[in-house]
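Subject: Structure for your set

Hello,

Please find the structure placed below. My notes on it come after.

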Amino acid sequence: MSTAFEKYQRLEASALWRETPEAQRREVIISIGDASLLISDMQDRPLSHWSLTAVERANPGKTPAIFIPGGDDSESLELAENEVEMVEAIDTLRKALHRGKPRPGRLRWTILLGSVAALAAGLTLWLPNALRSHVVGLVPDLNRVVIGHDVIGHLERTTGAVCHSDLGDQALKKLAQAIGVSEILVVPGGIKSTASLPGTALVVGHSIVEDYEDPAAAIGFMLAEAKFAEENDPLERILEFGGVTESFRLLTSGQLAPDTPSAYAEHLAITPAGKASDTALIEGFSELGLSASPYAYALDISGETTLNLIEADAVITQSAPILTDGEWVALQDICAT
């Protein structure tokens with residue numbers, strides 16, 4: 001899967017995009033993102049962002065190829081006959097992602113057999129917490145990624161499209177590797193500060209990278225969210241939000257209810273970022289060789305409530321910048337239009 005995405009990561013193509021049935025078609029540039037199709041205008045400004053798992057071919061076998069997002073033909077993309085490589089890339093990646101999506105066959109039987117074994121061992125599945133924990137332990141990593149990107153697709157209706165730039169994306173990739181998450185996505189606004197999703201995806205409001213001169217403060221917010229996700233599984237939080245019926249649905253069918261990703265995206269947009277334990281945060285800052293004080297004072301300018309983090313700087317033996325000055329400036333400008 002990752003090899004397939006790497007193969008098409010730099011692929012771009014021109015297309016005709018119609019935002020609504022009444023709108024005029026306009027020429028755009030499309031490119032492949034992480035399990036997503038990115039649509040930008042000719043000045044490289046983001047216009048829309050489709051999850052590849054939801055993309056459908058409206059006219060299979062015909063040309064020019066027309067794609068729509070998730071059966072909703074109000075928005076469409078038309079690719080000319082000479083854009084064969086992009087059409088093949090979309091078809092290839094869609095098939096690869098759908099092979100990993102929950103299906104009522106092998107995954108369902110695996111989950112059901114696992115449930116029977118757990119019941120035989122005396123696990124009390126009827127208690128919501130036990131059921132939720134059991135289901136979370138059965139969901140494969142790829143399915144977590146798919147669920148996470150479904151939520152991101154709905155979240156963008158509130159936050160605006162995920163921001164991208166060549167240098168900014170490189171900086172985010174570098175940060176994600178340092179912090180230990182699969183990807184970091186910056187959105188123009190619409191969330192309190194940060195949010196984490198299944199598949200170790202981390203969403204960051206642009207104000208976090210725009211408002212602080214010291215990159216250590218912004219990185220601190222991202223690290224705090226990553227540590228919170230380690231202590232509080234994002235998938236388990238979705239199931240807790242959906243209630244016990246959602247856990248049973250995922251257990252028996254391998255899928256969430258159709259409206260759950262949308263409802264949870266709305267919930268994330270108004271929910272403050274979670275708080276990781278001071279112990280986990282101090283350990284994380286120490287591993288990065290990063291000063292915790294800028295983040296601590298960003299949380300509380302007096303430092304009174306974040307004194308543990310400020311004092312932790314004394315035990316940090318190294319201090320090397322994660323990003324260069326150029327990378328930090330590029331990240332601050334990633335949502336510039």
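The notes cover the sheet, the salt bridges, the disulfide and the nonpolar cores.

This is a predicted model, in which local features need pLDDT of at least 70 and side-chain atom pairs count only at pLDDT 80 or more, while totals for chains, interfaces and linings use all residues. Residues are numbered from 1 along each chain as its sequence is written, and side-chain values use heavy atoms, with hydrogens and water left out.

The sheet

Helices (H or I, at least four residues) and strands (E, at least two) are DSSP runs, numbered from the N terminus. Two strands count as paired if DSSP finds at least two bridges between them. On that basis there is an open sheet of 7 strands with antiparallel pairing, in the order β4-β3-β2-β1-β7-β6-β5. The edges are β4 (46-51) and β5 (55-57); each has a single partner strand, so one side of each is left without a neighbour in the sheet. From one strand to the next the twist averages 35°, where axes are lines fitted to C-alpha atoms and angles run from 0 to 180 degrees between N-to-C directions.

Going through the pairs:

- β1 (residues 12-18) and β2 (residues 26-32) are antiparallel and share 6 bridges. Leu-16 has Glu-27 in β2 as its bridge partner.
- β3 (residues 36-40) pairs with β4 in the antiparallel sense over 5 bridges. Ile-39 is opposite Ser-48 in β4. The hairpin of β3 and β4 has 5 residues between the strands, and Asp-44 in this hairpin takes a positive phi near 65°.
- β5 and β6 are joined by 3 bridges in the antiparallel sense, with Pro-69 in β6 as the bridge partner of Val-55.
- β6 and β7 run antiparallel and are joined by 3 bridges. Here Phe-67 has Leu-77 in β7 as its bridge partner.

For burial, the cut-offs are under 20% relative accessible area for buried, over 50% for exposed, and partly exposed in between (1.4 Å probe, protein chains only). Strand β6 (residues 65-69) is mostly covered, with 4 of its 5 residues buried.

Salt bridges

A salt bridge is taken as a side-chain nitrogen of Lys or Arg within 4 Å of a carboxyl oxygen of Asp or Glu. The structure holds 7 salt bridges. Three of them are described here.

Arg-25 and Glu-78 meet through their side chains at 2.8 Å, N to O. Arg-25 is in the loop between β1 and β2 and Glu-78 in strand β7 (residues 76-79), so the pair ties together parts that are 53 residues apart in sequence. Arg-25 is partly exposed at a relative accessible area of 43%, and Glu-78 is partly exposed at 21%.

The salt bridge of Arg-57 with Asp-91 has its closest N and O atoms 3.8 Å apart. Since Arg-57 lies in strand β5 and Asp-91 in helix α2 (residues 84-100), the pair ties together parts that are 34 residues apart in sequence. Both Arg-57 and Asp-91 are buried.

Glu-327 forms a salt bridge with Lys-174, the closest N and O atoms being 3.1 Å apart. This pair links distant parts of the chain, 153 residues apart: Glu-327 is in helix α15 (residues 325-332) and Lys-174 in helix α6 (residues 166-179). Lys-174 is partly exposed, with a relative accessible area of 34%.

Disulfide

With a disulfide defined as a pair of cysteine sulfur atoms within 2.5 Å, the count comes to 1. The pair is Cys-163 and Cys-335, with sulfur atoms 1.9 Å apart. The link is right-handed, with 100° about the S-S bond. Cys-163 lies in the loop between α5 (141-159) and α6, and Cys-335 in the segment after α15, so the pair ties together parts that are 172 residues apart in sequence. Cys-163 is buried at 4% relative accessibility, and Cys-335 is buried at 17%.

Nonpolar cores

A nonpolar core is a set of buried Ala, Val, Leu, Ile, Met, Phe, Trp, Tyr and Cys residues joined through side-chain atoms within 4.5 Å. The largest has 38 residues, and those with the most contacts inside it are Leu-175, Ile-179, Ile-184, Met-222 and Leu-331. Its largest share, 9 residues, comes from helix α8 (residues 215-231). Another core, of 26 residues, lies apart from it and includes Ile-147, Val-151, Ile-191 and Leu-250.

Regards
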